[in-house]
Amino acid sequence: MPLFSLFLHPPPSLHFPLQCSVSCGRGTKQREIACVYQNQTKIEEEHCGHLPRPRTEKACRAQGCPSWKANRWRECSVTCGVGSQNRDVYCRLKGTGRVREDLCDAQQRLAIVRPCQSAECTHYTWVAGEWEDCNATCGEGMRSRKVGCMGAAMTAVQDDYCEPSSQPASHQTCKAAPCHYMWTSGQWSQCSSSCGVGYQQRMVSCSVVPSSQALRSYAAAQSSSASPHCPEPHPPGSRPCLLRDCPHTTYWKVGQWSKCSLTCGAGVMERRVECMTSKGHVSKHCRPSERPESQAACRDRECQSFASCREVQMRLGVKIDGEYYLKVKSRTLQIYCAEMHTDFPKEFVTLRSGQTDNYSEVYGHRLVNPFECPYNGSRRQDCDCRNDYSAAGYTLFHKVRLDLSSLRIMITDLQFSQTLLGRPVPFATAGDCYSAAKCPQGQFSINLIGTGLKVAEATKWTSQGNYVSVKVHRSEDGARIYGRCGGFCGKCIPQAHNGLLLQVH
């Protein structure tokens, strides 16, 4: 009788042992069952019916599956009222860390935003008082009223809390009884010339005569143009005069032009101009309108310019610190070269306007009650304060370090600065620990007039610290910047992305 046995035969397309049905988590493994002779010849399964049939499937476990993980919720987007919170959600595999998000089930992804609510917001509104009397006794005038920003329980707060566009008018025009106008004139001045024809002047003004008969000057009218209110004709404001004839004729005598004040670039040349008589005596009787120019612009040649202080050092063999002409963004500027005796000289911009217009301050006084802003934000020494802020300082700047490649001021280079009080403060930086009520006391000032440079529009200031208020004012040409910054405690500095970026004026 032939011997039969069940033979575990894997499918031709698989290699033994078979793989798990899943790549992660719990799955199954399967195998093929066959009835064979001892010589492994496959026959019908009925011949093995007396034998227990082995399992064709069993459970298996692959590596752990990725799952969604979330970081902590961030702070609410608002300090009062309803806002939102965000958090980071990512796909993570245990033992590996962050993996591709398509490996996690998208339907099971955790929420990344949720609503949040802090304390109820305080509503602020404008409150206007009664109009005062018209300030004119006759004709058109102005009247005023007090307008303030009120918070809860009609408590006065700073105007910054209310919407500026809805602020009621605090002044308006008003009319009283019609005015009567008359010309008033002063005494004639002395003759402008001691001999020959000169002129005299007097003050002529149009004055209003109110009902009280008290004279009030309406408008100065020294020119020949008539006032729209006073009657014609306009009294004359000047007249010719002749004290006596001049004994000698006079003329303007000019000397030779001097050399140009600069050996290269735009300079100035001068000459002597004198009023002389026909007999060679100095006189004061020449006509000022005919006086020749005593100064004139000149340019001998263009100045030789270089790209950096290092190039000046290499090409000219100069090792002395001083002002040199450098080509900065297609324009020739005067740049101060420092440390010329080393292999790495530095470029500085000399602040032509002086130190008093270029300073940085961290204010040292701190209010005992940090949630108020006394004296409408103005600085006074008799405030209820402590002068104990450890970061306080006041620094003046004569020159500032310039990175020529990026045109950025290196604000922490204090080589040409002077700290008059406390700790050194970087350039274009200000702060305090004075108040949490939008009451900044720290100040900084930048004045680049005369340097050929200006602060770029891309330069912005950012705050650091608590309850920081930043107020930066820029002149129309960008050459002057004034800032007030502070908080409880905080400061403002140029944003790190652009830094204190300049442009060629």
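Modeller: Let us begin with Tyr375, which sits in the loop between β29 (365–367) and β30 (385–387). Please keep in mind throughout that this is a predicted model.

Biologist: What is phi of Tyr375 near?

Modeller: Phi of Tyr375 is near 60 degrees, which is a positive value in a residue other than glycine. As background, most residues other than glycine have a negative phi.

Biologist: Which other residue has a positive phi although it is not a glycine?

Modeller: Glu339 does, with a phi of about 55 degrees, and its place is in the loop between β26 (331–338) and β27 (346–350). Glu339 is partly exposed as well, with a relative accessible area of 21%.

Biologist: Switching to Ser435, where does that one lie?

Modeller: Ser435 lies in the loop between β35 (430–432) and β36 (442–447), and at 2% relative accessibility it counts as buried.

Biologist: What does the side chain of Ser435 reach?

Modeller: The side chain of Ser435 reaches the backbone oxygen of Pro370 at 3.3 Å, and a polar atom of that side chain lies 2.7 Å from the backbone oxygen of Glu372. Leaving aside residues up to four places away in sequence, Ser435 touches Leu367, Pro370, Glu372, Tyr467, Gly487 and Phe488.

Biologist: Let's move to the sheets: in what order do the 7 strands of the open sheet come?

Modeller: The order is β25-β26-β27-β32-β33-β42-β37, and the pairing is antiparallel. The edge strands are β25 (322–328) and β37 (453–455), each of which pairs on one side only.

Biologist: How many bridges are there between β37 and β42?

Modeller: There are 3 bridges between β37 and strand β42 (residues 500–504), in the antiparallel sense, and Leu453 has Val504 in β42 as its bridge partner.

Biologist: Zooming out, what does the secondary structure of the chain come to?

Modeller: The chain comes to 1 helix and 42 strands, and of its 505 residues, 33% count as buried. Among contacts between residues at least 6 apart in sequence, 62% join residues at least 24 apart. The accessible surface is about 32000 Å², and 50% of that belongs to carbon and sulfur atoms.

Biologist: Last topic, then: what is the mean pLDDT of the chain?

Modeller: The mean pLDDT is 85, and 90% of the residues reach 70 or more. Over residues 7–16, however, the pLDDT is below 50, and this stretch has 13 contacts in the model beyond near neighbours in sequence. Residues 218–226 also have a pLDDT that stays under 50, and for them the model has 20 contacts beyond four places in sequence.

Note on methods
Residues numbered from 1 in each chain as written. Predicted model: local features only at pLDDT ≥ 70, side-chain atom pairs only at ≥ 80, totals over all residues. Heavy atoms only, no water. Helix = DSSP H or I, 4+ residues; strand = E, 2+ residues; numbered from the N terminus. Buried < 20%, exposed > 50% of the residue type's maximum accessible area, 1.4 Å probe, protein only. Contact = heavy atoms within 4.5 Å. Areas by Shrake-Rupley, 256 points an atom, 1.4 Å probe, with all protein chains shown as cover. Pairing = 2+ DSSP bridges. Polar contact = N/O pair within 3.5 Å; in protein donor to acceptor, adjacent residues only side chain to side chain. pLDDT = per-residue confidence, 0-100.
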